[in-house]
Amino acid sequence: MTWFDDLHAQVTSQGQRPHVLHNGAGRLLVCEHGARVLACELPGVDHNLFFHTDRTADDGGPGMVTGGDRFWIAPEVVYFWPTLDEAMRDPKGTAETPPAIDPANWGRLEYTRDVTHSLETNIKLRDRLRHRSFEVAATRAWDVEAPGPPEISGVGRLACVSFSLRNTLTLCFGKETPGMVAGAWDILQVPPTGTLICPTAARAEVRSYYEPFGDRHVAVSDADVRFLIDGRRRVKMGLRAEHTTGRMGYYRPVDEQTSTLIVRIFAPLPGEPYGDVPRDDPRNRQLERGEIEGPILGGDCLQAYNDDGDAFGGGPDVTFGEMEYHDPGLVVGRGPTSRRGSCVTHVMAGPDDAVRAAGRELLGVEVGMIG
């Protein structure tokens, strides 16, 4: 049995109800628990190209397998900390993932063997800045795509798997407060060590969410922003919709000859309501005090996160990074009452020169490690 088959057996024993999507020579493992694409397998690489762990964030001991490509709801400062004071004082120690968001209670909506998998759930959201609640319905659907863009040079030398993803949020009417925001937030967790390459329309303004970037982890040029994922320093960056081209690629050398590349293509929509902003945005405090009604917009569309090795209590051997993007949010009282966003993901593995060439054509910039 391969590591993929072992993982499939493990999550089955945990009641995660996994499903395998076959794509060319590769496989994807989708779990109904948390609506995750938990794993990606390609020939020539003997481990998961996504990050997964069976250690829990609470005590570092054995627990439910987690990781992969997950679904959250933004804004983070509204839903994931008990109070704004706690978020500012100790963002790592006081963060709480609401169970209604993750793992939620996803049920199967549609299932076509080897091709499509769709899940749906209702999520009750608690706005902790204004102490109000409302509910959204969420649908998450995956479709297998032709493995690897056929027009890319050298794609025949690469092992590829490709899939599309659609996230839909719909407002469930009740006693909502006008100005409340909910946006689909897609987070793909990846293993170190590699570089996330984010092409930009011009030289971008990069926002910081946690620790200062330092002199190694973020590099900005006129053509792109590069973000080191080494799992050793807790940093997060964000780019607005008007700065990103809607493409990002995670390049990771595996050995002297082989590299991998994950390219995610999504749709940035400048001018639309993006609600995820850093904790220290002064509007958060104004909203909490009732000085403004909201919504707080002008948030980021593309984000990247690098963990410090402490999230699961496993140190540098159990650490990860994230490639993230946001869809425009629902704004209560403004409409529309439903939003759908989509992305296409290509995962490639093979000779380093072929991986770099494919990445250069897909991203429009040179591919390589930061620095």
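Q: Which residue stands opposite Val218 in β15?
A: Phe227 stands opposite Val218 there. This is a predicted model, where local features need pLDDT of at least 70, side-chain atom pairs 80 or more, and totals for chains, interfaces and linings use all residues. Numbering runs from 1 along each chain as its sequence is written, and side-chain values use heavy atoms, without hydrogens and water.

Q: Which strand pairs with β15 over three bridges?
A: Strand β14, residues 218–220, in the antiparallel sense. Strands are DSSP E runs of at least two residues, numbered from the N terminus, and pairing takes at least two DSSP bridges.

Q: How many residues sit between β14 and β15 in their hairpin?
A: Three residues separate β14 from β15.

Q: And what about β12?
A: Strand β12 covers residues 194–199 and pairs with β15 in the antiparallel sense over six bridges. Ile197, for one, has Arg226 of β15 as its bridge partner.

Q: Which residues are on which side?
A: Asp224, Arg226 and Leu228 lie on one side of β15, with Val225, Phe227 and Ile229 on the other, and both faces are covered.

Q: New topic. Where is Arg140?
A: Arg140 is in strand β9, which spans residues 132–144.

Q: Why does Arg140 count as buried?
A: Because its relative accessibility is 0%.

Q: What is Arg140 in contact with?
A: Setting aside neighbours within four places in sequence, Arg140 has contacts (heavy atoms within 4.5 Å) with residues including Ala35, Asp69, Trp106, His117 and Asp186. Arg70, Phe71 and Leu165 are also among them.

Terms used:
Helix = DSSP H or I, 4+ residues; strand = E, 2+ residues; numbered from the N terminus. Buried < 20%, exposed > 50% of the residue type's maximum accessible area, 1.4 Å probe, protein only.
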